[in-house]
There are 2 protein chains.
Amino acid sequence: MIGESDIRSAAAVVAGVVHRTPVVTSRTLDERVGAKVFLKPENLQRGGAFKLRGAYNKIASLPAGTDVLAFSSGNHAQAVAIAAGLRGVKATILMPEDAPTAKVEATRGYGAEVVTYDRYGQDREALGEALAAERGLELVRPYDDPLVMAGQGTAALELIEDAGPLDLLVTPVGGGGLIAGCATIAKALGVGRVVGVEPQAGNDTQQSLAARERVRIEVPRTIADGLQSDVPGQHTFEVNSQLVDEIVTVTDAEIVEAMRFAFERIKLVLEPSGAVGIAALLEGRIRPGARVGVILSGGNVGAERFAELLR
Amino acid sequence: MIGESDIRSAAAVVAGVVHRTPVVTSRTLDERVGAKVFLKPENLQRGGAFKLRGAYNKIASLPAGTDVLAFSSGNHAQAVAIAAGLRGVKATILMPEDAPTAKVEATRGYGAEVVTYDRYGQDREALGEALAAERGLELVRPYDDPLVMAGQGTAALELIEDAGPLDLLVTPVGGGGLIAGCATIAKALGVGRVVGVEPQAGNDTQQSLAARERVRIEVPRTIADGLQSDVPGQHTFEVNSQLVDEIVTVTDAEIVEAMRFAFERIKLVLEPSGAVGIAALLEGRIRPGARVGVILSGGNVGAERFAELLR
């Protein structure tokens, strides 16, 4: 388990390194949802997603000079590459071979070495651990690590500090690191409910909460490439089973409509994973409170891919 | 002429009505430009553009209950519609019949009556004045009005307050209202240079500054529909001929590349007019200072239109 002090410690570590992203509001969204909605646009974060918060908090905790390895569908990869560069160590990144080109290129651009694998045929955890042992690297997990979870929670801490009290906090759920950190600080600061959103095809956390144990599903096929986890993390599930009130799901088509809404009405670029919170609210999947916070997790989508998704 | 006190008065009038948009930075942009760049994303403003600042400052100055009329290529229209609604008066908007559908619909959505005209065949000023006289409405000009200019200048005031001292301020130039207000406050606050950017096909202000008198050009055909002015305003030219250091131009193709850059690297949706400052900097048209402010004027572009422009 992690607690409020872990998120506050992480906030001190990442201060001056991560952007304090603004709070964005939209009257159109408020009208559609029937609540005052406060958006935390982590697409404006360094690396285009919230992931730097956790990666930096973790890597800063390692002995100086420790080179790192990460396996990631993309945004965690970029975050580890950036964080490693900032700490002056080398990052090796294991990425699925079907990861978006923009993400692979951006990761290399941040100075990391990229090694690819087959998302549907190879177990990335086993591969990652083998590579870490062989090269003597420290594995930076994308979510199932208390320091990573605590770092991600700083997004919710900033949102609550800047927007004021919230009745409800909504975040995307992949492996569960973002919502674990956010729920920890949100509940400590009096937010009434924390609701997670998964793609319909990848509802491993929803199933796990219902079963009261970690359920493994087939690797989900969804456009939300950041939320394709097949089983909740051990540490994240421990937190989320206690603090998360509900998980709802959205379809890929609903995600695309939310991406369009964000583009046309809020003027923000969101990748599919980043749009699931807005999708769930627009579709009425979540009973809104009066004051709702939503973490928009990332915006790493190429312009051509965006155009293709909207066709 | 207007002065610092006019912009400061406008700031008091629009406070709590307009969004104080954040300052956004991008390390990728800094590297490409070779300077620290501070973006003012007025695409996140109410109505999707900076125009509400001037429109509200003007309409708030009228006797209570004064209904208004505006002629506009789009963003001013939405701004007047919103401002009129906030002041409890009726807005009639004269729009070119080829204005983007999203802008026409949004304007109607804000409660205004829309009357259309032929951009290439009819004189909008004459039409607007006739309609105003016939219906007894007060004409709210899109730029050539000291109160409108002063309102637009609040964008630069906020940017300088939030980002700190700037060596250079870059803004788009259509009729010249935005840059006139921004140059007034920027020069008063010690910004070294103010540079405007026009589409290559619509460089009426560049030609006018060179000729030292207002030059009328053919109605420009450019994708930057917000910058299709054919002659500088009288009031705006008076200010700009004294305070603007330089006007540079960018092509439509360069604007599209800047829109793509903003989408993929900054995660912001910019309409063509809103991207000209980034385009000029990326193309090296402006000698950058160490600390550069850029007003991103708006983001009203439909997702389909965006995809079409990038093809």
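## A helix across the sheet of chain A

Helix α5 (residues 101-109) of chain A lies across β3 and β4 of chain A, and its direction makes about 175° with that of β3(A). Helices (H or I, at least four residues) and strands (E, at least two) are DSSP runs, numbered from the N terminus, while axes are lines fitted to C-alpha atoms, for helices over the stretch in contact, with angles from 0 to 180 degrees between N-to-C directions. The model is predicted, so local features need pLDDT of at least 70 and side-chain atom pairs count only at pLDDT 80 or more, whereas totals for chains, interfaces and linings use all residues. Residues are numbered from 1 along each chain as its sequence is written, chains are lettered from A and ligands numbered from 1 in the order in which they are written, and side-chain values use heavy atoms, with hydrogens and water left out.

The sheet itself is open and has four strands in the order β4-β3-β2-β5 (chain A), with parallel pairing; two strands pair if DSSP finds at least two bridges between them. Because β4 (113-117) and β5 (138-139) of chain A stand at the edges, each with a single partner strand, one side of each is left without a neighbour in the sheet. Strand β2 (residues 68-71) of chain A is joined to β5(A) by two bridges, and the strands run parallel; here A:V68 stands opposite A:E138 in β5(A). Helix α4 (residues 75-87) of chain A also packs on the sheet, where it touches β2 and β3 (91-96) of chain A and makes about 175° with the direction of β3(A).

## The sheet of chain B

In chain B, four strands form an open sheet in the order β4-β3-β2-β5, and the pairing is parallel. Strands β4 (113-117) and β5 (138-139) of chain B stand at the edges with a single partner strand each, so one side of each is left without a neighbour in the sheet. Five bridges link strand β3 (residues 91-96) of chain B with β4(B) in the parallel sense, and B:L94 has B:V115 as its bridge partner in β4(B). Helix α4 (residues 75-87) of chain B lies across β2 (68-71) and β3 of chain B, running at about 175° to β3(B).

## Helices that pack in chain B

Helix α8 (residues 177-188) of chain B packs with helix α10 (residues 234-243) of chain B at an angle of about 45°, their axes being 9 Å apart. The two helices α8(B) and α10(B) are therefore oblique to each other, given that angles under 35 degrees count as roughly parallel, over 145 as roughly antiparallel, 65 to 115 as roughly perpendicular and the rest as oblique. Residues of α8(B), including B:I179 and B:A183, meet residues of α10(B), among them B:V239 and B:L243, where contact means heavy atoms within 4.5 Å.

Helix α7 (residues 146-163) of chain B also packs with α8(B), at an angle of about 50° and with the axes 7 Å apart, and α7(B) and α8(B) are therefore oblique to each other.

## Where the chains meet

Between the chains, 26 residues of chain A are in contact with 26 residues of chain B. Chain A and chain B bury about 2,200 Å² between them, 57% of it on carbon and sulfur atoms; buried area is the accessible area (1.4 Å probe) that two parts lose on being put together, summed over both. On the side of chain A, the residues A:R27, A:F263 and A:K267 lose the most area to chain B, together 29% of what that side buries.
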